[in-house]
Amino acid sequence: PDWRMALALAAAQIDALRAAQPAGWTLGLVYFTDAYAPHAQALLDELRQRWPGLAWAGCVGVGVCASGVEYIDEPALVLMQCDLLPQQFEVFSGARPMNRVDPFTALVHADASTPDIAELITEMSERTASGYLFGGLAASRAATVTVADGIWRGGLSGVAFSADVGLVSRVTQGCQPVGPTRRITRCDANVVAELDGVPALPLLLQDLQISDLADHRSAVPKLRATLAGLVDAADTALDRGGQFGADVRVRHLIGLDPGRQAVALADRVAPGMRLAFCGRDVQAARRDLVRICAEIRDEVESGTEAALVAAEAGAPAEPARRILGAVYISCAGRGGPHFGGPSAELKIVQHALGGGVDEVPLVGFFAGGEIARHHVYGYTGVLTVFTGSG
């Protein structure tokens with residue numbers, strides 16, 4: 001319950017690791033649940049006092065995670081310290097814009113209450129060389145705060161990384177389509193009027209096998225459990241045999257318009273975008289989470305294999321790559337309770353990335369929306385690993 005005790009316990013673990021692995025620790029990540037949000041400034045002051053010289057970034061979440069453990073709806077904090085060169089990263093906020101590092105990518109923490117937050121995230125993406133952001137929207141039932149060498153409310157903050165920081169990132173989906181993908185052919189703001197030239201509402205009822213909208217006892221539970229997956233016109237919605245690809249943003253249905261035979265979504269839409277009605281699916285979410293972990297490991301290990309092949313051919317040997325640490329941002333609607341047991345989601349990640357003596361240090365939080373590339377997602381997880389030699 002007391003943030004000071006939580007910090008002392010975490011600090012003892014950090015200091016033991018620092019003693020065993022001397023390095024030039026320069027960047028700290030801190031995530032804490034909303035029980036500690038009112039004490040954010042005091043927490044940051046204590047972090048600075050314990051470890052002078054570290055830059056700090058992070059935010060509040062309704063839950064936090066460390067390696068294979070989730071702390072949801074309880075007082076908790078998690079810490080990670082990173083060994084990066086000062087020229088490889090820069091902590092930024094609205095009051096402290098980037099001016100030192102040429103950003104290739106960035107870890108972004110955002111306040112969802114900020115007007116035009118989606119536009120700010122797109123603008124931030126355009127400022128990076130890769131166009132790829134990873135992070136999430138801070139989530140709290142108390143004060144919504146982010147940390148970026150200070151305590152901030154509103155806007156974006158986080159850490160920009162230079163191109164020589166090794167990162168591999170993937171998005172995992174938590175929903176599965178219940179009907180085909182269709183193109184939006186007529187719409188107004190957030191109201192979808194037609195899909196493939198056909199009124200949208202009858203198609204929704206068809207996908208859900210609702211024969212009579214007036215039969216509330218049957219129709220309402222199905223409608224409440226239904227979401228909509230959206231992709232831009234140029235993206236591929238269903239690229240893995242009936243499962244959503246990483247480009248899909250899941251949005252809530254917020255209303256039906258029987259008069260216009262239309263469906264309203266919790267996002268603005270445009271003609272040409274594609275839409276598939278969907279529902280949350282635990283088994284699909286588990287499979288997809290295992291898939292992205294395997295993809296990340298394969299990408300890292302393929303670089304190591306390429307280095308060995310080059311060395312055998314007499315080429316200059318490249319250092320073998322391995323995963324040094326990870327950041328995982330998951331939806332507040334996921335976590336162990338959704339996956340079937342305490343810490344079930346993080347145990348999947350821990351097992352897939354490597355456990356035991358090869359356990360990958362990982363921290364993260366449960367967000368009000370997940371950020372990847374220039375999009376805000378829902379019901380997803382964004383797993384990013386730091387790679388390096390050694």
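How many cavities of 30 Å³ or more does a search of the whole structure find? The search finds two.

## The model and its confidence

This structure is a predicted model. The average pLDDT for the protein is 90. A score of at least 70 is reached by 92% of the residues.

Over residues 304–313, pLDDT stays under 50. For this stretch the model has five contacts beyond four places in sequence. Where pLDDT is low, the predicted coordinates should not be read in detail.

## The largest cavity

The largest cavity holds about 40 Å³ of space. Its lining is made by Ser67, Val349, Gln350, Leu353, Gly354, Glu359, Val360 and Leu362. Helix α8, residues 344–353, gives the most to this lining, with three residues.

What classes of residue line the largest cavity? Four are nonpolar, three are polar and one is charged.

## The second largest pocket

Now turn to a pocket. The second largest pocket has a volume of about 600 Å³. It is lined by 23 residues. Ala118, Arg251, Ala266, Asp267 and Val376 lie nearest the centre of this pocket.

Which elements each supply at least two residues of the lining of this pocket? They are α3 (117–126), β18 (249–257) and β24 (375–377). The largest share comes from α3, which supplies five residues. By class, the lining of the second largest pocket divides into 10 nonpolar, seven polar and six charged residues.

Notes:
Residues numbered from 1 in each chain as written. Predicted model: local features only at pLDDT ≥ 70, side-chain atom pairs only at ≥ 80, totals over all residues. Heavy atoms only, no water. pLDDT = per-residue confidence, 0-100. Contact = heavy atoms within 4.5 Å. 1 Å grid on protein atoms, 1.4 Å probe; cavity = no way out; pocket = protein on both sides within 12 Å on 5 of 7 lines; lining within 4 Å. Points joined across faces, edges and corners; volume = space filled by probe spheres on them. Helix = DSSP H or I, 4+ residues; strand = E, 2+ residues; numbered from the N terminus. Nonpolar A, V, L, I, M, F, W, Y, C, P; charged D, E, K, R; others polar.
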